[in-house]
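Please read the points below with the model open beside you.

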Amino acid sequence: MSAILTQPAPIRTEVAAMWRLSWPVLVGQLASVGMGVADVAMTGHVSASELAAVSLGASVWSIILVTVMGTMMAINTVVAHETGAGQFGRIPHVVRQGLWMGLGVGLVACLAANLSTLVFDHIGLTPDVAANASMFVHAISIGMPAFACYRALYGYTASINQTKPVMVIAVCGLLFNIFVNWLLVFGNWGMPKLGGVGCAVATGICLWLMLGAMLAWIRIAPAYRQTYPFTQWEWPNWPEIGSMLRLGLPIGVTYLAEVSAFGAVSLMIARFGVVQVSASQIALNFSSLVFMVPLSFGIGLMTRVGHALGEGNAVRARFVAWVGVGMSLAFALLSAALIAVFRWEIARAYTSDPAVQELCAHLLLFAALFQLSDATQVATSSAIRGYKVTRQPMQIQLLAFWGFAMPLGYVLGLAPEWFAWSPAAPMGAAGFWIGLVLGLTVAAVLLTWSLQHLSRTRAQA
């Protein structure tokens, strides 16, 4: 019997299982990120000034949003382990406490988003761009509590292998967001012409509607009856919430380390003018869209590893982890080639400004270059989280991005006179992107080593 339990499935079987779990998550993630892509793309056809404001506002917003998303991933890991162990009676309690945790995290994040707009007054922006960027963040922050609670339910449904609602709700949300953007950005059908702020209003409303749709789906669908979380009222259990926060906050900080580095690049590039910040933000925006594919594999990977460990099968967990990493790398090779070949078409889809198009096409070459390391680091870190190990990936990401990427990007991008080895002239956006490539590479190498050591130790034990 023990030989059967430790024998991993054939690679083809595991790839098929991972794909069945991940592809609805992928569609849902692409649709969610598509909201940000639609915001930037639609305002790019209003004016370069509006695009710069939305780009900067979205940079700050996305830092907070992704940090919340990472923090709420604790629900994924806990529910996956309970599912693998067959402890279905504990799952409703975990979900209820996860929703309390989401409400608190969402309110704190809403406050942080509004306070973060103070930075726009101190980075050399023109008054109109600073004002519009602040208004964008103020408007969109109304959706943050809904987003945090939605991610709690997202983690629950994905970890019991019910990923279809994630896909359907996100696609419907994207369609709603695009339609309301069309109304409010351009003032169609007699609606006020709000420009970039219209995108923020549409997204904030959409996040609340998505939460309502997820609650309704869980209430109606038969698949949730065994673990239905709303059969009783339950006040916050602070030790339980504290335990999930100890698991989730390092994941949130891990996401913060990477996304804040990308966001800081946008803010520091702002001094070079509208063209540089717009081109860089377009390249970052498209990169975040492509990133959703390995991230979706990572969510599926975390669930599959958690199920295997919940069953007590560390050998299968190790096998699942490396199959997931291989799937992410295979996609990365394809995406790198496509970005390099179609970089001009991508730039033209976002903006009609020739100067922005030219610089964006150049920066997309760097985006193509870091596809392999980016896919590797997200897959390996997700697998490690499946083991309920979250602090080590956090430490590695902080080191990679704020110990390597940002210092190098600062030196190359800004060429400070006080540093002896600065280039003769600032490289601007290109210098910062070189730093980001290095940071992702360092993270990929260290996380691969960490997963190898962790999975082998657990399997041998």
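1. Helix α11 gives the most to the lining of the largest cavity, namely 8 residues, where helices (H or I, at least four residues) are DSSP runs numbered from the N terminus. A cavity here is a set of points, on a 1 Å grid over the protein atoms alone, where a 1.4 Å probe fits but cannot get out, and lining residues have an atom within 4 Å of a point. The model is a predicted one, in which local features need pLDDT of at least 70 and side-chain atom pairs count only at pLDDT 80 or more, while totals for chains, interfaces and linings use all residues. Residues are numbered from 1 along each chain as its sequence is written, and side-chain values use heavy atoms, with hydrogens and water left out.

2. The largest cavity holds about 980 Å³ of space, a volume being the space filled by probe spheres set on the grid points, which are joined across faces, edges and corners. Its lining is made up of 44 residues, and those nearest the centre are Val33, Ser62, Val66, Ser288 and Met292. By class, this lining divides into 23 nonpolar, 16 polar and 5 charged residues, where Ala, Val, Leu, Ile, Met, Phe, Trp, Tyr, Cys and Pro count as nonpolar, Asp, Glu, Lys and Arg as charged, and the others, Gly among them, as polar.

3. The largest pocket has a volume of about 260 Å³, a pocket being an open set of points with protein on both sides within 12 Å along at least five of seven lines. Its lining divides into 12 nonpolar, 4 polar and no charged residues, and the largest share, 6 residues, comes from α3.

4. How do the axes of α12 and α14 cross? The axes of α12 (residues 314-341) and α14 (residues 354-369) come within 8 Å and cross at roughly 170°, the axes being lines fitted to C-alpha atoms over the stretch in contact, with angles running from 0 to 180 degrees between N-to-C directions. The two helices are therefore roughly antiparallel to each other, a term for angles over 145 degrees. In this pair, Ala336, Ile339 and Ala340 of α12 meet Leu364, Leu365 and Ala368 of α14, contact meaning heavy atoms within 4.5 Å.

Terms used. Angles under 35 degrees count as roughly parallel, over 145 as roughly antiparallel, 65 to 115 as roughly perpendicular and the rest as oblique.
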